[in-house]
Amino acid sequence: MKRPLEWQIATVKAAKPETSKAKTFTLTLPDWTPHRAGQHYDIRLTAPDGYQAQRSYSIASEPERTGEIDVTIERLEDGEVSSYMHDVVVPGDQIEVRGPIGGYFVWEAGTGGPLLLIAGGSGVVPLMAMIRHRAEAGSTIPTRLLYSSRTREDVIYWDELEKLRAADTGLEIFHTLTRAQPPGWTGYARRIDDQMLSEVVKPLGKSPKTFICGPTLLVEAAANGLVQIGVKSGQIRTERFGPSGGAS
Ligand SMILES: Cc1cc2nc3c(=O)[nH]c(=O)nc-3n(C[C@H](O)[C@H](O)[C@H](O)COP(=O)(O)OP(=O)(O)OC[C@H]3O[C@@H](n4cnc5c(N)ncnc54)[C@H](O)[C@@H]3O)c2cc1C
């Protein structure tokens, strides 16, 4: 078996639209290695003239699925790799990948909880791997997801999150829609702030195992806000996807 950091050629098994901007790619890996929820793969594209571009994408699927992984990629306007993945790559294509990578932003059911997950935009991807892993492991660890999106149409994994919420008494989901809300919306309708964080965190106590992922500004605001309201900073882990975008 190859060591995790060697490049291998994955085959695109499926490409499924999640929203108008996010697509999930199922990649079959000749040298699959079990991952931990929260880890990512690097994808490397090579042009005919030899020019290469490489980006990181979190694993969306649970580690219990063997031989393949899902990655969910948000299409950025003018984004070199994300727009190529959306506009050009189709099932049957082969792409270079390496992973799984990362040992800090990871959660395993055995690590325990309670679990606080905070996402902005496509930052929900590694947190979804944790939620799927939790479900597969039969864990009932109290878990709360606070997920910020621009509009209802931008929410990735809506249906699956609703099913998991309904099936599982220990998982609670709080959406905030920052740009527009559908008629009758009863969730939050503003950017994440200290008041929202206190309401979501309160039942979990002062030291939930916390994972925050998304655009840099959202991650920083949420992490600082949590410390302000008394959550232990040593329990907070963050992952920044990029300079802006997502739910900002
Ligand atoms: C550990 C890690 C995991 C990641 N996981 C995911 C994932 O699961 N899904 C996913 O869609 N992305 C993820 N990203 C972001 C991803 O790696 C790329 O940065 C993103 O797809 C943009 O690449 P691009 O080549 O399309 O855009 P580029 O050509 O690099 O950039 C185009 C423009 O968009 C801006 N930009 C770059 N990145 C972002 C961003 N994230 N948000 C908003 N604007 C940006 C740039 O400043 C530039 O103006 C992850 C990043 C890291 C570090």
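Reader: Let's start with H2: which of its residues are buried?

Author: This is a predicted model, and in it the buried residues of H2 are Val-124, Val-125, Pro-126, Leu-127, Met-128, Ala-129, Met-130, Ile-131, Arg-132, His-133 and Arg-134.

Reader: What makes H2 largely enclosed by the rest of the structure?

Author: The count does. Of the 13 residues in H2, 11 are buried, so the helix is largely enclosed by the rest of the structure. To get onto that list, a residue has to stay under 20% relative accessible area.

Reader: How do you know that the span of H2 agrees with its number of residues?

Author: H2 covers residues 124–136, and at 1.5 Å a residue it should span 18 Å. The C-alpha atoms at its ends are 18 Å apart, so expectation and model agree. Just past the helix comes Gly-138, with a positive phi of about 70°.

Reader: Over to H1. Why is His-86 called buried?

Author: His-86 sits in helix H1 and has 9% relative accessibility, so it counts as buried; the limit is 20%.

Reader: What does His-86 touch, leaving out residues up to four places away in sequence?

Author: Lys-21, Ala-22, Lys-23, Phe-25, Ile-73, Glu-74 and Arg-75. Each of these has heavy atoms within 4.5 Å of His-86. Ala-15 is 71 residues away from His-86 in sequence, yet their C-alpha atoms are 8.8 Å apart.

Reader: Which other parts of the chain do the buried residues of H1 pack against?

Author: Those buried residues are Val-81, Ser-82, Ser-83, Met-85 and His-86. They pack against strands E2 (22–28), E3 (40–46) and E4 (52–58), as well as E5 and E6.

Reader: And why is Val-90 called partly exposed?

Author: Val-90 is in the loop between H1 (80–87) and strand E6 (94–101). Its relative accessibility is 42%, so it counts as partly exposed, a label for values between the 20% and 50% cut-offs.

Reader: What makes Gly-214 buried?

Author: A relative accessibility of 0%, so Gly-214 counts as buried. Its place is in strand E10, residues 209–215. Setting aside residues up to four places away in sequence, Gly-214 touches Gly-120, Gly-123, Val-219, Glu-239, Arg-240, Phe-241 and Gly-242.

Reader: Why is Asp-78 called exposed?

Author: Asp-78, in the loop between strand E5 (68–74) and H1, has 75% relative accessibility and so counts as exposed.

Reader: Then why is Tyr-157 called buried?

Author: Tyr-157 has 4% relative accessibility, so it counts as buried. Its loop runs between strand E8 (143–149) and helix H3 (158–167).

Reader: How do you know that the bond from Gly-99 to Pro-100 is cis?

Author: By omega, which is near 0° there. Pro-100 is in strand E6. Gly-113 and Pro-114 are also joined by a cis peptide bond, with omega about -5°, and Pro-114 is in the loop between E6 and strand E7 (115–120).

Reader: Zooming out, why is the chain called as compact as a globular protein of that length?

Author: The chain comes to five helices and 11 strands. Its radius of gyration is 18 Å, and the globule rule gives 18 Å for 248 residues, so the chain is as compact as a globular protein of that length. Its C-alpha atoms fill a box of roughly 55 × 40 × 30 Å along the principal axes.

Reader: How much of the chain counts as buried, and how many contacts join residues at least 24 apart?

Author: Of the 248 residues, 52% count as buried. Taking contacts between residues at least 6 apart in sequence, 72% join residues at least 24 apart.

Key:
Residues numbered from 1 in each chain as written. Predicted model: local features only at pLDDT ≥ 70, side-chain atom pairs only at ≥ 80, totals over all residues. Heavy atoms only, no water. Helix = DSSP H or I, 4+ residues; strand = E, 2+ residues; numbered from the N terminus. Rg over C-alpha atoms; globule rule 2.2 N^0.38 Å. Buried < 20%, exposed > 50% of the residue type's maximum accessible area, 1.4 Å probe, protein only. Expected span 1.5 Å × (residues − 1).
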